[in-house]
Amino acid sequence: MTPTDESQRIQNRLTKGSFVVASQYVFLLTILLPIQSSLAADRVNNDADSVNESELLVPKPISNRCGKCHGAETRKGDLDLSSLVGIRAGGESGDPLIDQKPLSGRLWQVIQDGEMPPENEAPLDKEEIEQIKSWIQANHARLREALSSEKPKSIHDVLPTLLLRCVSCHGAQRTDGGLDLRTHASIIKGGESGSALVKGQPDESLLIRRVESQACPPGHLLLKFFVRRPSKAEINLLRDWIKAGAPEGNVNPDIASDAPDPLVSESDRQHWAYQPPQKTTRYQSIDNFIEQQLHEINQTFSPRAERDTLIRRVYMNLLGLPPSLDQWLHWHDHPSPDWYSMMVDDVLASPHYGERWGRYWLDLAGYADSEGGISADPIRPVAWKYRDYVVRSFNQDKPYDQFLIEQLAGDELTDHANVQELQPEMIDHLIATGFLRMGIDETGSRTMNFVPERLKVISDTISIVSSGLMGLTMECARCHTHKYDPIPQRDYYRFKAIFQGALDEHDWKSFKQRKLSIGLDKDRKAIAATNPPLAKQRNQLLQQAKQQQDNLTMVTLRSHYPAQSEADQSATLVALKVADNQRTLPQRLLVEKLQRAQAIPDSEQISAVLEARLNLEKIEDQIQRVDRQMVPPLTIRALWDNGRPSPTYILKRGEHDKPGRLVGPGVPSVLTDGETPFSYSPPFPDGTAKTGRRLAFAQWLTSPQHPTTARVMVNRIWFHHFGQGLVSTLENFGVMGQKPTHPELLDWLAISFVENGWSIKTMHRLILNSRTYQQSSRVTPQAKKGDPQNKYYSRMPLRRLDAESIRDSLLFVSDQLDTTQGGLPDPVSVSSEGEVSIKPTDTSKWRRSLYAQYRRTEIPTMLDTFDYPQMGPNCLERSVSNVSPQSLLMLNNRQVRELAASLAHRVQSLLSEKTGKADDPTKNQHPEDQYNLLIDLTYQITLSRSPTLQEKTLGRETLKHLRNRLSGNLSLALESYCHAIMNSASFLYVD
Amino acid sequence: MGLAHLLTQDYLIADSSASETPGKSERARYDLTAKSAHHPAKAKSVIQLFMNGGPSQMDLFDPKPVLNRMDGKPYPGNVEGIGNQSTTDIGVMMGGQYPMHQHGESGLWLADVLPETASLADDLCMVHSMWTDHPNHDNALYKIHSGRLFMGYPTLGSWVVYGLGSENQNLPAYVVLSDPLGLPKNGTRNWTAGFLPPVYQGTPFRPTGSPILNLSKQYSEPPEVTRTARELLRQLDRSHQKERPYQPELDARIQSYELASRMQLAAGEALDINRETKETQELYGIGKQATDSFGRRCLLARRLVERGVRYVQIFLEEQPWDSHVDLASNHRAACERTDQPVAGLLRDLKRSGLLDSTLVIWGGEFGRTPTSQRSGDIYTGRDHNMQAFTSWMAGGGIKGGVSYGTTDDFGHQVTENPVSVHDFHATILHCLGLHHQDLFFDRSGLEERLTGVNPPRVVNELLL
């Protein structure tokens with residue numbers, strides 16, 4: 001083929017907007033004419049415009065070898081090396097490909113370092129390397145010139161700067177001087193002082209003058225509006241743009257189109273999880289799938305577990321609580337052959353079910369009662385409404401698709417501002433959006449509300465949604481294209497654009513401003529009728545608390561420093577009211593003196609100090625009691641769309657001030673066919689302005705054909721039943737995730753889930769009624785050999801109770817559990833030793849751990865010790881540790897001991913109830929028989945079974961022995977005995 | 001790992017059967033047994049003397065004659081670039097508050113308020129070119145401890161014990177000695193394990209009473225009764241375990257109960273400073289009012305690293321170095337509390353040879369501004385400076401008598417050899433035999449590192 005033929009052929013291709021490299025050299029579409037700087041989408045479409053004079057040639061090794069992955073059609077790392085246009089645009093890293101020195105640019109560096117071609121490709125040979133090197137060296141000056149002659153072509157070259165530096169005062173929330181800098185038209189129109197610019201004349205432009213003289217942004221407002229000054233480079237860009245005539249340009253955001261996706265290929269979509277679940281007709285039950293694979297490894301199901309084991313297993317698994325004594329007896333003695341499935345139905349109907357399974361969801365959402373991020377760790381006063389919404393939804397068996405739609409787009413389901421009459425479920429929909437607001441949010445702080453901090457809040461939300469609901473890890477793509485999964489950086493920012501209407505870093509609401517006050521009339525009335533007198537009472541109590549605090553300080557000082565002058569004592573009170581780093585030295589010394597006195601252990605404090613402290617605690621308890629008597633406020637911690645999203649730009653390396661090209665909303669390409677645009681429309685065209693982006697996303701996510709939504713959820717349900725997922729990486733179904741152990745079963749379950757109306761309780765029934773679930777947990781030598789990790793489900797796993805189950809069960813068996821549901825979280829107290837304990841309610845009992853206040857900086861010690869997670873931003877799988885602080889807590893902690901005493905007391909009262917009855921044959925029985933009865937009851941209450949003969953003998957001997965050592969005191973002996981049972985593996989593990 | 005070995009360890013598993021699950025095992029079990037380092041190393045343990053609040057570099061270590069000369073004059077540069085943007089009361093240039101002299105053969109500069117530390121100048125490696133990313137305490141503290149500006153990331157100590165485990169299974173691997181007067185700023189988040197499994201978080205030893213929460217009974221019961229009840233528990237658990245063969249977790253559980261009682265003894269012994277001679281106690285300033293409290297913590301730190309504890313962190317309450325007002329007296333007070341104990345610790349480690357294998361780190365979360373800060377009508381303190389501060393290191397494979405990095409004439413910005421927090425961390429890891437790139441944790445498919453995404457620089461110039 002002659003060069004002439006070749007060039008003709010290429011010319012032909014160019015007119016079609018793409019080309020393939022097939023020969024030694026390619027004629028370059030080039031760029032001495034200024035072209036779009038940041039718009040890859042346009043560079044594909046506009047190639048034809050740029051074909052012209054210059055003939056810089058890209059050598060074959062680059063266009064051919066590199067172009068295989070970095071070409072116009074397949075653009076790995078968002079890099080197109082087939083043309084100078086592409087070379088100028090660079091990849092997503094933003095590093096210059098051709099730099100100041102011929103060989104200092106990234107293009108040569110990656111070749112020199114052997115970083116490229118990647119491992120799975122043949123390396124470049126010597127000749128090819130030489131060819132590239134000499135091409136770069138020979139053309140360096142021309143390349144530099146070509147690459148640096150770039151001029152701003154559109155508003156989108158400067159808009160990111162204006163958004164970052166100016167719109168806080170001249171944008172959506174404020175239009176100081178009547179100026180709005182968000183659109184081309186409004187910039188030209190200008191404000192009270194006229195147009196912001198004079199086209200072609202930067203020096204004459206108000207915009208430039210104000211910025212360069214530092215009149216804007218005004219120094220005293222920088223921190224108020226969380227703005228930093230533009231950099232020199234940013235100002236120069238503004239200048240260049242004005243000089244170029246302040247063009248608006250015609251830039252369309254990069255969104256999915258019906259053309260094939262250059263960044264995600266068909267083969268990328270072949271990974272199993274990116275394909276919709278496959279229907280199978282081979283089997284129609286869990287057991288068939290499991291048994292077939294067991295059969296293949298010469299294993300069989302283990303025998304069915306004993307009845308008592310099954311009772312405890314189902315209760316602990318579904319409720320996180322053991323059965324009550326009556327419930328246990330009921331199922332233990334149930335005559336029906338269907339007792340088991342009857343029990344499953346019965347337990348699923350318990351209101352405690354939602355508390356248990358809702359908790360799993362709260363882990364996924366990253367639920368917390370505080371904002372985190374800064375030392376003050378501000379409380380989220382009404383986050384609990386979301387917690388109650390979740391518990392309610394699980395108890396109602398709300399279809400999972402609806403559950404997701406409400407949480408992702410509840411604000412776009414009803415036009416709350418224009419609705420005739422509010423219904424409770426409409427309010428629930430707003431509460432549901434709290435799901436998107438659970439991450440750490442420091443933006444309400446005085447100093448931490450800059451764009452990078454806002455972006456972090458957004459990225460936490462994206463991470464929760466993508467890993468929790470879609471089984472995708474998108475975090476990496478915030479800074480660069482995912483290393484392993486086909487998630488280009490572009491897709492991260494398209495995904496971010498879905499949330500832009502509500503979470504807009506350039507139109508931000510801090511957590512303090514992000515609340516709605518919407519309620520039913522009857523709630524309004526209830527508040528008006530009930531709260532005012534309580535609020536008054538509360539204020540009085542607060543005053544008392546302050547006085548009591550001062551009193552405690554004074555008493556402490558007087559008791560430890562009798563010689564201290566009164567003036568110094570009052571000065572200490574004053575000093576305490578000054579922020580610690582603002583205190584003068586004398587103030588500091590006074591406070592330290594006080595702290596030394598406070599640090600002295602209680603045993604060495606005089607009674608007046610302890611009394612004053614107790615009084616203070618009492619007042620605080622009273623305040624909390626008043627709080628609980630109040631009707632909850634109408635406030636909702638919601639997320640809502642404002643209908644005015646800022647444009648979304650790719651951020652190179654994830655850096656907030658390195659904008660790349662403009663993108664529009666979209667979902668990860670790999671989860672689509674790659675040729676279907678993401679479509680959305682405002683949900684209330686005649687009402688409140690909203691983008692409808694999240695609603696469209698939620699509907700896409702819950703479409704029956706979605707490749708991961710149902711799979712991820714059934715896998716999660718499976719995990720909470722069996723302690724391992726069919727896919728062991730619950731949060732990652734991508735290339736780096738584990739493959740499913742039973743792919744067909746996973747798909748069958750996912751399809752059943754959707755076909756059964758996304759009913760979670762139906763899935764529980766399906767699983768719990770299987771033979772697989774009802775197996776014994778004993779490991780036989782054969783099973784150990786053939787299925788050592790229980791990958792094939794040759795038995796049920798033995799599992800330790802999780803943090804909440806341990807605490808809740810301890811409270812339950814000792815009759816110290818207050819089963820009231822919902823409402824304000826229970827406050828915690830922090831001892832001087834750092835132990836965080838949950839306070840009891842007015843009944844002097846404790847509620848379930850779910851209702852304890854989860855403040856990020858004050859996690860209750862008992863829960864923390866048993867692996868209660870730190871939400872960062874959420875927890876998709878808790879770790880289970882086995883460490884000595886747990887043993888120390890169970891053995892030595894005062895509260896655990898007190899619960900043992902309560903249990904002992906309960907057992908004794910039950911016994912005396914029994915023996916009190918005249919016709920009871922146990923009356924006046926021998927102590928041995930009394931021991932037997934006590935032991936029976938203890939076992940039945942705590943372990944939901946009767947003791948074995950051996951356990952009974954051991955128990956009798958121990959009780960006798962203990963009682964002897966305790967001067968015959970049976971109650972104390974029983975307390976010690978119960979304490980041991982509560983510590984035993986039988987209590988802490990479920991078979 | 002053999003079963004027998006396993007039985008003697010605390011360990012953690014992700015689920016009851018995962019201990020041998022292929023593919024998952026890397027992240028399935030986490031324990032504190034000693035691990036081999038990535039490369040041979042001098043340091044075996046770390047004592048971090050954390051100086052909360054931000055000590056002033058120009059008043060203590062980095063003399064600035066120009067600043068002294070210009071005392072009282074306005075700052076010649078752009079004041080917007082100075083200090084903490086939240087406090088805009090920028091005053092005038094403020095000269096060093098104390099006389100400074102050169103010490104030892106190395107001629108390192110130290111202020112006269114640190115006489116004891118100064119006498120050990122030739123053992124110290126001064127890094128004058130530290131810088132960080134945020135002028136607020138909260139964020140700068142997260143940064144210096146975890147390498148990130150935000151809460152929720154594992155601290156250096158957590159990473160170190162994750163990487164190396166501990167030499168002593170009867171004591172926690174990562175111990176925090178905080179001030180009896182109260183927690184430091186940011187509280188327990190200064191020693192959080194973040195997303196690493198909770199076994200790697202710092203264990204605070206309480207200064208009074210029982211050193212670890214729940215280490216001894218919080219209720220009273222005759223010892224023989226406790227013994228009987230424990231024996232019952234042991235028997236119940238043994239038979240429970242016997243009925244359930246092939247469940248190593250149950251063995252480990254029984255062991256953890258036994259370890260609990262061993263820990264009771266070991267911790268008590270380690271913390272009993274009465275076993276030290278009077279001379280040693282005095283070396284640390286124990287018994288003198290100003291130095292007693294910090295001295296005790298320093299001595300405890302030595303006793304702990306001696307027993308194989310990997311990482312010890314010592315804190316002061318709140319932030320005594322944070323001198324926005326009255327810097328001269330505030331810093332003097334902080335020096336009086338810490339100077340002799342710190343020097344005592346170095347001398348004691350040195351004479352026993354432990355200094356060779358113990359890396360001692362001294363420093364805060366940032367430095368202070370060259371200008372004074374207005375407070376009312378007085379200009380007596382300095383604001384936060386994230387652009388330059390001094391930290392020092394000693395022992396554990398670090399060169400002594402070194403002055404590294406320089407700052408401008410005012411001590412405001414780094415001019416030569418900048419050391420970022422990531423560089424600092426990478427260097428500390430290096431001393432311990434860990435390579436920052438190889439020390440990672442797989443978090444939902446994301447490889448998380450202490451030193452972040454962009455490779456840091458191990459500051460080789462500081463290494464022996």
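## About the model

This is a predicted model, in which local features need pLDDT of at least 70 and side-chain atom pairs count only at pLDDT 80 or more, while totals for chains, interfaces and linings use all residues. Residues are numbered from 1 along each chain as its sequence is written, and chains are lettered from A and ligands numbered from 1 in the order in which they are written.

## Chain A as a whole

Chain A holds 38 helices and 11 strands (DSSP runs numbered from the N terminus: H or I of at least four residues for helices, E of at least two for strands). Its C-alpha trace spans about 115 × 85 × 60 Å along the principal axes.

Of the 991 residues in chain A, 48% count as buried. Here, buried takes 20 or more other C-beta atoms within 10 Å of a residue's own, exposed 12 or fewer, and partly exposed lies in between, with C-beta atoms placed from the backbone. Among contacts in chain A with a separation of 6 or more, 69% come from residues 24 or more positions apart; a contact means that two C-beta atoms, placed from the backbone, lie within 7 Å.

## Helix H13 of chain A

Helix H13 covers residues 307-319 of chain A and reaches 18 Å from its first C-alpha to its last, close to the 18 Å expected (1.5 Å times one less than its number of residues). Because 10 of its 13 residues are buried, H13(A) is largely enclosed by the rest of the structure. The buried residues include A:Arg312, A:Arg313 and A:Tyr315. After H13(A) comes A:Gly320, with a positive phi near 75 degrees.

## Two domains in chain B

Chain B is divided into domain 1 (37-211 + 277-462) and domain 2 (213-270), with bounds from an automatic or database domain assignment. The centres of these domains of chain B, taken over C-alpha atoms, are 39 Å apart. Seven residues of domain 1 of chain B are in contact with eight of domain 2 of chain B.

## Backbone angles worth a look

Most residues other than glycine have a negative phi, and most peptide bonds are trans. The bond from A:Met116 to A:Pro117 is cis, with omega near -5 degrees, and A:Pro117 is found in the loop between helices H6 (106-112) and H7 (126-148) of chain A. The bond from A:Cys216 to A:Pro217 is also cis, with omega near -15 degrees.

Phi is positive at A:Ser844, near 65 degrees, and at B:Asp326, near 50 degrees. A:Ser844 has 8 C-beta neighbours inside 10 Å, so it counts as exposed; B:Asp326 has 20 and therefore counts as buried.
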